[in-house]
Amino acid sequence: MITIKSRREFAKMARAGAAVAAVLAAVRETALPGVSLVTLDEIGAKVIAERGCTASFLGYQGTYPATLCLSPNDVIVHGIPSEYKLREGDILSVDAGAIFEGFHGDAAFTVGIGQVTSDARRLMDTTEDALWAGLREVRKGGRLGDIGAAVHAIGEAHGYGVVEEYVGHGIGREMHEEPQVPNYGTPGKGLKLKTGMALCIEPMFNAGRRSTKVDGDGWTVRTDDGSLSAHWEHTVAITPDGPQVFTIGDQPVAVGFEEARAHR
Ligand code: MF3
Ligand code: CO
């Protein structure tokens, strides 16, 4: 079911989104060589609690064991925070979800640890560009296929593997609601977007091939060929005042205000 949210419900989602933005900002500051992934997870838990929120991921599907997903290097998504200590040159995808008064926010970014190669930098920047290309397609009367097509075109133009097995999603009282939001599509096709909808758009680009594999822990998703992967995500809502991104800072940001692009 696709849920339509009221202004009051969107206000709660915006609070959850602001908490997620604060988590990601805190992790970005702390993600330096020598810092362990469990340390970053603890920071995420602390910020979520300070904001009067609870963590969306902890206990998800009965088994997810942490607050954040922390996915280094060839891990695409759903990396479980471990004792691994970050090293100069790593890239790390950081995904956070929070609940405020029953409503979710969800966002992710990829950060370079110290100096990274120009190839790694290009992968991260291009994935962020693709997220924004997708966000710009979110409007009342637009189609789901417009979003996926815009995201995919950017990955393809750079020769990246665009992950297909994992997709964006609707969001509201549940973290994962209908519709699925794939990172591919046909312009003008698919679900018609309406006021009251909220979506998570989340491109995952691999430096190599698009195929994925899952570790024995049942969560960690890696590139099949061992290449680097980047992941960016925002929660965007079609509010009565137009499309707004909830996961950039303390307030919603109208789509189109690119100077608000967070956390470069
Ligand atoms: N944030 C992820 C998403 O965008 C979901 C995390 S999976 C979990 O869909 F197990 F960590 F919750
Ligand atoms: Co998501």
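1. Let's start at the ligand: a nitrogen atom of ligand 1 is 2.8 Å from an N or O atom in the side chain of D95. That makes a polar contact, meaning a pair of N or O atoms within 3.5 Å. Keep in mind that this is a predicted model, where local features need pLDDT of at least 70, side-chain atom pairs count only at pLDDT 80 or more, and totals for chains, interfaces and linings use all residues. Residues are numbered from 1 along each chain as written, ligands are numbered from 1 in the order written, and side-chain values use heavy atoms, leaving out hydrogens and water.

2. D106 and H176 reach the ligand too. An N or O atom in the D106 side chain is 3.0 Å from an oxygen atom of ligand 1, and a polar side-chain atom of H176 lies 2.6 Å from an oxygen atom of ligand 1. On its own the ligand exposes 330 Å², and the protein buries 97% of that (Shrake-Rupley method, 1.4 Å probe).

3. Who else is around? Ligand 1 is surrounded by 13 residues, F57 and E202 being among the closest (a heavy atom within 4 Å).

4. Now the rings: Y60 and W219 form a tilted aromatic pair, 6.5 Å centre to centre with 50° between the planes. Ring centres must lie within 6.5 Å to pair; planes under 30 degrees apart are stacked, over 60 edge-to-face, and the rest tilted.

5. Buried or exposed? W219 counts as buried at 12% relative accessibility, whereas Y60 is partly exposed at 24% (buried is under 20%, exposed over 50%, partly exposed in between; 1.4 Å probe, protein chains only).

Note on methods:
Phe/Tyr/Trp six-rings, centres within 6.5 Å; stacked < 30°, edge-to-face > 60°. Polar contact = N/O pair within 3.5 Å; in protein donor to acceptor, adjacent residues only side chain to side chain.
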